[in-house]
Amino acid sequence: MKGIIVINGYSKTEGIKYQVKRLTEEFNKKNVNIEVKKTTELLAYIENGNIKSELEADFVVYLDKDIHIALMLEKLGFRLFNSRESIEVCDDKIRTHIMLANEGVSMPTTISSPLMYTDSEDSFLDKVQRVLDYPIIVKEAHGSLGGQVYLCEDFDSLQATRNKLKFKPHLYQQFIDKSCGKDTRVIVIGGNVVAGYNRVSTTDFRSNIELGGKGEKVELSKEYILLAERVANILNLDYCGIDILDNTEPMICEVNSNAFFTGAEKITGVNVAKCYVEYIIDTMNK
């Protein structure tokens, strides 16, 4: 069996380096021939109306958000872990919440910003304030590692943030006070929870470890496990990290299709890479 790990050609983060290293180690233990390719290596292109690629593999572990290359590889018949559709849904925070809506999944109240093409008189924030109380969370639709997320304490900061983002896809969201600076990251593989840990920050409203948050071991409740597995199955994810907020009932904050292994493995002691590799091999053998 041969597989390819695809990564972003411009990424230099330690998280992706660790992910590639760990997956390669676990694939080698299973005698799977694995190769790492960057998106800058012209993995697929269109010529004479047909998609062409020099890649040869049984499967692709797709660790990037470049949906165009992913789509071309799928049209060529490659099995991607995760699929292009699942990556695309998770990469767009607005789409994530829309896809989970009407599915019995608890989430913060969320308002999608209307698409704006030209700068003009704008009363949209008046509607937002009717639905949401301060403080208000504002998120760009696309972002990672806690970036592109803003906390607005009053109308002035909300208006300033909107002026900054109004030509970009973004959302306005209910602030969950009980979960300020903390959440629970749950790793799900093949529809089953394999690990989970709390993330806590004493210096930021965001709990991301990349922004100074600390990880803590936790024993997940049945309620958290069932919610995480339900979300992963709705979004058809082979692998994901699901961020859950603690409220009256657990609420989904975000879903990450390429959540890094680093925190999960070092904090929980679970061999996440091995679990993912075994799932991929079992899936391909079926």
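Student: What does Thr161 touch, not counting residues up to four places away in sequence?

Tutor: With those residues set aside, Thr161 touches Val138, Tyr150 and Cys152, where contact means heavy atoms within 4.5 Å. The model is predicted: local features need pLDDT of at least 70, side-chain atom pairs count only at pLDDT 80 or more, and totals for chains, interfaces and linings use all residues. Residues are numbered from 1 along each chain as its sequence is written, and side-chain values use heavy atoms, with hydrogens and water left out.

Student: Why is Thr161 called buried?

Tutor: Its relative accessibility is 10%, and buried means under 20% relative accessible area (exposed is over 50%, partly exposed in between; 1.4 Å probe, protein chains only). Thr161 therefore counts as buried. It is found in helix α6, residues 155–165; helices (H or I, at least four residues) and strands (E, at least two) are DSSP runs, numbered from the N terminus. The C-alpha atoms of Thr161 and Leu151 are separated by 9.2 Å, at 10 residues apart along the chain. Cys152, one of the residues touched by Thr161, is itself buried because its relative accessible area is 1%.

Student: How many disulfides does a search of the whole structure find?

Tutor: The search finds zero, a disulfide being a pair of cysteine sulfur atoms within 2.5 Å. For Cys90 the nearest cysteine sulfur is that of Cys240, 6.7 Å away, and Cys90 is in no disulfide. Cys90 has a relative accessible area of 8%, so it is buried.

Student: Which residues of α1 are buried, and what do they pack against?

Tutor: The buried residues are Gly15, Ile16, Tyr18, Gln19, Val20, Arg22, Leu23, Glu26 and Phe27. They pack against strands β1 (2–7), β2 (33–38), β5 (59–62) and β14 (239–245), and against helices α8 (262–268) and α9 (272–285).

Student: Which peptide bond joins Phe81 to Asn82, cis or trans?

Tutor: That bond is cis, with omega near -5 degrees. The bond from Tyr134 to Pro135 is cis as well, with omega near -5 degrees; Pro135 is found in the loop between α5 (124–131) and β8 (136–140).

Student: Why is Asn82 called buried, and what does its side chain reach?

Tutor: The relative accessible area of Asn82 is 0%, so it is buried. It lies in the loop between β6 (79–81) and α3 (84–91). Its side chain reaches the backbone oxygen of Tyr239 at 2.9 Å and that of Ser257 at 3.0 Å. Each is a polar contact: N or O atoms within 3.5 Å, one able to donate a hydrogen and the other to accept it within protein, with residues adjacent in sequence counted only if both atoms are side-chain atoms.

Student: How many aromatic pairs are found, and why is the pair of Tyr239 and Tyr276 given its class?

Tutor: The whole structure holds six aromatic pairs. The ring centres of Tyr239 and Tyr276 are 4.9 Å apart and the planes are at 25 degrees, so the pair is stacked. Rings of Phe, Tyr and Trp (its six-membered ring) pair with centres within 6.5 Å; planes under 30 degrees apart are stacked, over 60 edge-to-face, the rest tilted. Tyr239 is in strand β14 and Tyr276 in helix α9, so the pair ties together parts 37 residues apart in sequence. Both tyrosines are buried.

Student: Which residues form an aromatic cluster, and what sits over the ring of Phe81?

Tutor: Phe27, Phe59, Phe81 and Tyr279 form one cluster. The charged end of Arg79 sits over the ring of Phe81, 3.9 Å from its centre; the limits are NZ of Lys or CZ of Arg within 6 Å of the ring centre and within 35 degrees of the ring normal.
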